[in-house]
Amino acid sequence: MKFLVTGAGGMIGANLALYLESQGHEVLALDHFSVGVKSNLKDFKGIVYTGDICTYNYDKLGKLDGIFHQAAITDTTVMDEKLMMSVNVDAFVKILEYAGRTGCQKVVYASSAATYGKGGVPMSEDQESAPANIYGVSKVEMEKAAKEFTSQNPGVKAVGLRYFNVYGPLEFHKKSAASMIYQLYKQISSGKAPRVFKMGEQFRDFVYVKDVVRANMKAFEYRGNDAFNVGTGLPTTFNQVIELLNRFLDAHLPTDYFDNPYDFYQEATQANMSLSDKVLKFKPIYPPEKGIADYVEWLQKQKSLDG
Ligand SMILES: NC(=O)c1ccc[n+]([C@@H]2O[C@H](COP(=O)([O-])OP(=O)(O)OC[C@H]3O[C@@H](n4cnc5c(N)ncnc54)[C@H](O)[C@@H]3O)[C@@H](O)[C@H]2O)c1
């Protein structure tokens with residue numbers, strides 16, 4: 001089959017493009033590489049297009065079997081609402097229109113747990129959206145746009161995936177926006193005390209990027225137009241992450257707890273995975289202990305390759 005992956009230079013896009021290619025598919029990769037990096041695609045054999053999703057001439061790519069849309073402004077601190085909506089929402093609508101025009105029947109797109117904002121946990125798909133920043137608002141608007149488009153264009157199915165806190169290979173380029181797991185790994189592996197806000201009992205639903213790729217495959221097979229949680233369903237505290245990293249790195253560093261300077265800080269994320277389990281048929285296979293072990297092995301290998 002022939003697929004387009006947008007945001008293919010980014011963490012999730014690159015993992016997806018490489019996975020689809022490994023399954024024998026023809027994969028077209030699109031990114032403007034202002035955040036993502038070409039080195040994430042160094043093992044990718046398909047065509048890499050450098051372009052902006054807002055202005056790209058998609059028609060030249062022809063008819064596709066599916067589009068995996070990952071490109072977005074992913075920096076949740078961006079305050080320019082016009083820019084956020086134009087990249088995250090308007091460009092997505094252009095992609096849906098391209099799918100409709102060319103007979104592409106499936107668009108799988110990245111939504112986010114940011115649609116729940118500070119909502120109660122575990123977070124369920126039928127819960128009221130309560131985005132706490134413009135980024136979260138843009139993801140709510142994406143889902144609305146997908147519903148509206150698919151109701152008027154029944155030939156296209158659009159499935160949204162509300163990723164929780166994704167971690168895993170190929171996130172170096174995200175710098176301070178990379179996962180907490182990677183930040184803590186960097187500190188511990190370089191012999192520094194891991195630093196977290198007092199008292200490290202904040203928790204997240206950390207989901208491994210390999211599970212995120214598997215969720216995308218399930219979404220491609222799904223015949224509806226819904227949005228699903230993509231997490232593990234497990235709340236993992238920062239203290240637990242530190243304990244696992246210390247164990248896997250054979251380190252014994254004490255944690256440096258410091259005051260949280262932010263008025264707004266998300267204390268907890270956790271997905272209710274019932275709907276994904278029953279309807280999408282997606283079951284994560286990497287609980288944090290297994291995912292972090294796999295990731296640390298990969299990171300240590302990269303470190304030894306880099307000398
Ligand atoms: N990583 C997470 O924890 C997480 C959680 C929830 C949702 N998401 C969503 O998943 C998707 C992928 O996230 P990621 O973690 O891989 O982020 P990422 O920043 O690594 O990847 C996003 C990619 O999109 C590209 N991009 C941005 N604007 C573009 C534009 N105008 N034209 C072309 N390319 C553009 C960037 O260069 C980057 O390579 C995003 O839509 C993000 O909102 C991620």
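Q: Before we start, what makes a crossing left-handed or right-handed?
A: A crossing is left-handed if the near helix is turned anticlockwise from the far one by less than a right angle, and right-handed if the turn is clockwise. Please keep in mind that the structure under discussion is a predicted model.

Q: Understood. Which hand has the crossing of α2 and α3?
A: Helices α2 and α3 cross in a right-handed sense.

Q: And at what angle do they pack, α2 and α3?
A: Helix α2, residues 81–102, packs against helix α3, residues 134–152, at an angle of about 20°, and their axes are 9 Å apart. Since angles under 35 degrees count as roughly parallel, α2 and α3 are therefore roughly parallel to each other.

Q: Which residues make the contact?
A: From α2, the residues are E81, M84, M85, N88, V89, F92, V93, L96, E97 and G100. From α3, the contact is made by I134, Y135, V137, S138, E141, M142, A145, A146 and F149.

Q: By class, how many are nonpolar, polar and charged in the contact of α2 with α3?
A: This contact has 13 nonpolar residues, together with three polar and three charged ones.

Q: Another pair, then. What is the angle between α6 and α8?
A: The angle is about 45°, with the axes of helix α6 (residues 238–248) and α8 10 Å apart. The two helices are therefore oblique to each other. Their crossing is right-handed.

Q: Which residues of α6 meet which in α8?
A: On the α6 side they are V241, L244, L245, R247 and F248, and these meet P288, E289, I292, A293 and V296 in α8. By class, the contact of α6 with α8 contains eight nonpolar and two charged residues, and no polar ones.

Q: What about α1 and α5, at what angle do their axes cross?
A: The axes of α1 and α5 cross at roughly 65° and come within 10 Å. That crossing is right-handed. Helix α1 contributes M11, I12, N15, L16, Y19 and L20 to the contact, while α5 contributes V209, V212, V213, N216 and M217. The classes there are nine nonpolar, two polar and no charged residues.

Q: Changing topic: how much space lies in the second largest pocket?
A: The second largest pocket holds about 590 Å³ of space. It is lined by 21 residues, of which N15, L18, P169, L170 and W298 are the closest to its centre.

Q: Which elements give two or more residues to that lining?
A: They are α1 (11–22), α5 (209–221) and α8 (288–305). The largest share, five residues, comes from α8.

Q: How many residues of the lining of this second largest pocket are charged?
A: Seven are charged, alongside 10 nonpolar and four polar residues. N15 connects two of our topics, as this residue is among those closest to the centre of the second largest pocket and also takes part in the contact of α1 with α5.

Q: Now the backbone. Which residues does a cis peptide bond with omega of about -5° join?
A: That bond joins V121 and P122. P122 lies in the loop between β5 (106–112) and α3.

Q: And the peptide bond from K198 to M199, what is its omega?
A: This bond is also cis, with omega near -10°. M199 sits in the loop between β8 (195–197) and β9 (203–204).

Q: Last one: what is phi of K175?
A: Phi of K175 is near 50°, which is a positive value in a residue other than glycine. K175 is located in the loop between β7 (165–167) and α4 (180–189).

Conventions. Residues are numbered from 1 along each chain as its sequence is written. This is a predicted model: local features need pLDDT of at least 70, side-chain atom pairs count only at pLDDT 80 or more; totals for chains, interfaces and linings use all residues. Side-chain values use heavy atoms; hydrogens and water are left out. Axes are lines fitted to C-alpha atoms, for helices over the stretch in contact, and angles run from 0 to 180 degrees between N-to-C directions. Helices (H or I, at least four residues) and strands (E, at least two) are DSSP runs, numbered from the N terminus. Angles under 35 degrees count as roughly parallel, over 145 as roughly antiparallel, 65 to 115 as roughly perpendicular and the rest as oblique. Contact means heavy atoms within 4.5 Å. Ala, Val, Leu, Ile, Met, Phe, Trp, Tyr, Cys and Pro count as nonpolar, Asp, Glu, Lys and Arg as charged, and the others, Gly among them, as polar. On a 1 Å grid over the protein atoms alone, a cavity is a set of points where a 1.4 Å probe fits but cannot get out, and a pocket is an open set with protein on both sides within 12 Å along at least five of seven lines; lining residues have an atom within 4 Å of a point. Grid points are joined across faces, edges and corners, and a volume is the space filled by probe spheres set on the points.
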